[in-house]
Amino acid sequence: MSQFSRTELLYGHEAMEHLARARVAVFGVGGVGGYVVEALARSGVGTLDLFDNDTVCLSNLNRQIIATHDTIGKYKVDAAKDRVLSINPHASVFAHKMFFMPDNADQIDFSAFDYVVDAIDTVTGKIELVMRATAAHVPIISSMGAGNKKDASAFEVTDIYKTSVCPLAKVMRKELKARGIKHLKVVYSKEIPLKPLETSEELPQGRRSIPGSNAFVPSVAGLIIAGEIINDLTAPYAPSK
């Protein structure tokens, strides 16, 4: 019996071997991305590349799976790497302390990945990720807005051009259409974002407001993304019915 024996009952031996050989890049390992990493590690993905330049802080404790009082002050990619290796010591994890933007995108060989996850916040970075993955013919899945929402059941998986309501998805539709991108798999919610209550918390530089969040909305988005990746990667090995 292996630690992935229960997963193998669903996907089969060949699929599990493929997952062990797979390499997935996760950009952003916060509220959404952290749960993507968690589920991929527990599903047997053999190599993970983690991209984030942020450190764990006190306000992350309410929603980020890598955030504990023991990891406060630690780089998120380092905390995530430690967690993955505690789950699967045989995994290969590469921690990249990087705030992904167009000016450093050339540092990454996207053709090395079997799948790319966009779980970052900046529109400029998200667009660049889509462009780079598309150019490298690597599948990518993108998370739309998860902040200021309370209904974890409202998420769905669709193409970016079939989205509605979500303000971030609206911007992405416009920008990707202008760049000739015809398809993008996304996880998004039709829930209308709430207006955060007043806060005395000091705003980070360049931020007009701080989005509200919770333990269950970003995590659901992350787990849905992970499920899509596992199902896509194992589809060629699905046992015949």
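The legends below describe close-up views of a predicted model.

In this predicted model, local features require pLDDT of at least 70 and side-chain atom pairs count only at pLDDT 80 or more, while totals for chains, interfaces and linings use all residues. Residues are numbered from 1 along each chain as its sequence is written, and side-chain values use heavy atoms, with hydrogens and water left out.

**View 1. Side chains of strand 4 (residues 115–118).** Tyr115 and Val117 point one way from strand 4, whereas Val116 and Asp118 point the other way. All of these residues are buried (under 20% relative accessible area with a 1.4 Å probe, protein chains only). Strands are DSSP runs of E with at least two residues, and helices are runs of H or I with at least four, numbered from the N terminus.

**View 2. Strand 4 and its parallel partners, strand 1 and strand 5.** Strands pair if DSSP finds at least two bridges between them. Strand 1 (residues 23–27) is joined to strand 4 by four bridges, and Phe27 lies opposite Asp118. Three bridges join strand 4 to strand 5 (residues 140–143), with Val116 opposite Ile140. From strand 4 the chain passes through helix 5 (residues 123–135) to strand 5 in a right-handed β-α-β crossover (clockwise from the first strand over the helix to the second, with the strands pointing away from the viewer).

**View 3. Lining of the largest cavity.** A cavity is a set of points on a 1 Å grid over the protein atoms alone where a 1.4 Å probe fits but cannot get out; lining residues have an atom within 4 Å of a point. The lining comprises Gly34, Val37, Glu38, Ile65, Ile66, Ala80, Arg83 and Val84. Helix 3 (33–43) and helix 4 (76–87) each contribute at least two of the lining residues.

Notes: Buried means under 20% relative accessible area, exposed over 50%, partly exposed in between (1.4 Å probe, protein chains only). On a 1 Å grid over the protein atoms alone, a cavity is a set of points where a 1.4 Å probe fits but cannot get out, and a pocket is an open set with protein on both sides within 12 Å along at least five of seven lines; lining residues have an atom within 4 Å of a point.
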